[in-house]
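Please keep the structure in view while reading.

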Amino acid sequence: MTDSPQGPPQTGGLPEYAPGQAPGQPPHPPTRRGGLALAALIVGISAFVSGWIPILGLLLGVAGIILGILAMRRPGGRSFGLAGLIGSSLAVLANVLVTIVVVVALVNSGIGTAVLTDAQPVITPCYSFNGPGDYLSNQSAEKTDACITTLELWGERDADGVIHKTGVGSILGSVLVEPVAVASTDDWVPGGSLDDMVEFLNQSYFPQAGEVTSLKEAVTLDGVDANLTRMISTAENTRTKAFLTVFAPDTYQSAGEPVKFFLISFVIPEDNGEEIIAAAIDSWRWK
């Protein structure tokens, strides 16, 4: 009698199959989460953590959303992909809200809401602001010390009306700041307010400059209430004409006279008038 061989039964070289697996089918590979799903999760977490940082949080959030959607379409990537998608979506939402808050804060503070592509700083003992860079300042140091500003656009117009900024020829535009002595303003509107002063100028001064289209637009110069008056110029080629009027927060000295009221005029022959006015308002700082 021959002993039976020990060990597992021989299969004659045939492959073994897992339970429920039909012959002829390859073995099932183990389900694994791919690198895309893991990347979606990592980017989603990073976006969620940095969502409060403008720009960076938004970029990571958008990338995480895209990776999350792609990962959820892969076998085994749904859980990680979904987690990355949720984290990235929250990051984008948070980033948008933070950006809105930052922009509103900057606008309210008057910092950088309007920037001239070509600007020149104007600095006097009373104030400073950004004026148009292609306007020339030929005034003396004495006038600057007296808180007067004269910026002029010099050039010529050709037969087609195109402006050539040559620096010589004719004055085509200007930005002027004129301080008015306290003695004069007290005589014009004794104890008056800015509103009273605008009404006085509308009767005595503005009609000589053109037709007023908007008498009172409330603005602020470095936190101080001011008024913007717009008008149609009597000069044919002027595109924008406006006056800013303001009582300064302090009394300054101009040519030995105390001054507190300032009249700022804009005569702009090109289409950038609104940009020039906005830049002056936003960059204005009292000394």
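## Aromatic pairs

The structure holds 13 aromatic pairs. One of them joins Tyr252 and Trp286: the ring centres are 6.3 Å apart and the planes meet at 15 degrees, so this pair is stacked. The cut-off behind that word is an angle under 30 degrees between the planes. Tyr252 belongs to strand β8 (residues 240-254) and Trp286 to strand β10 (residues 285-286), so the pair ties together parts that are 34 residues apart in sequence. The model is a predicted one, and the distances and angles here are computed from it.

Are these two residues buried or exposed? Tyr252 has a relative accessible area of 9% and is therefore buried. Trp286, with a relative accessible area of 11%, is buried too. Both values fall in the buried class because the limit for that class is under 20%.

## A second pair and the ring cluster

Trp286 also forms an aromatic pair with Trp284. Here the centres are 5.5 Å apart and the planes are at 70 degrees, which makes the pair edge-to-face. Trp284 is buried, as is Trp286.

Which residues are linked into a cluster by ring pairs? The cluster consists of Tyr127, Phe129, Tyr252, Phe262, Trp284 and Trp286. The stacked pair of Tyr252 and Trp286 and the edge-to-face pair of Trp284 and Trp286 are thus both made of cluster members.

The surface carries a nonpolar patch of about 730 Å². Its residues are Leu58, Val62, Ile66, Leu70, Leu93, Val96, Leu97, Ile100 and Val104.

Which helices each supply at least two residues of this patch? They are α2 (56-72) and α3 (78-109). Helix α3 gives the most, with 5 residues. Val96, one of the patch residues, sits in helix α3. Its relative accessibility is 38%, so Val96 counts as partly exposed. Tyr252, by contrast, is buried at 9%.

## The protein as a whole

The protein has 287 residues, and 37% of them count as buried. Its secondary structure comes to 8 helices and 10 strands.

The accessible surface is about 16,600 Å², and carbon and sulfur atoms account for 60% of that area. Among the contacts with a separation of 6 or more, 52% are between residues 24 or more positions apart.

Definitions and conventions. Residues are numbered from 1 along each chain as its sequence is written. This is a predicted model: local features need pLDDT of at least 70, side-chain atom pairs count only at pLDDT 80 or more; totals for chains, interfaces and linings use all residues. Side-chain values use heavy atoms; hydrogens and water are left out. Helices (H or I, at least four residues) and strands (E, at least two) are DSSP runs, numbered from the N terminus. Buried means under 20% relative accessible area, exposed over 50%, partly exposed in between (1.4 Å probe, protein chains only). Contact means heavy atoms within 4.5 Å. Accessible areas come from the Shrake-Rupley method with a 1.4 Å probe; for residues, only the protein chains shown count as cover. Rings of Phe, Tyr and Trp (its six-membered ring) pair if their centres lie within 6.5 Å; planes under 30 degrees apart count as stacked, over 60 as edge-to-face and the rest as tilted. Patches are made of residues with over 30% relative accessible area and no salt bridge: like charges are joined within 9 Å, nonpolar side chains (Val, Leu, Ile, Met, Phe, Trp, Tyr) within 5 Å. A salt bridge is a side-chain nitrogen of Lys or Arg within 4 Å of a carboxyl oxygen of Asp or Glu.
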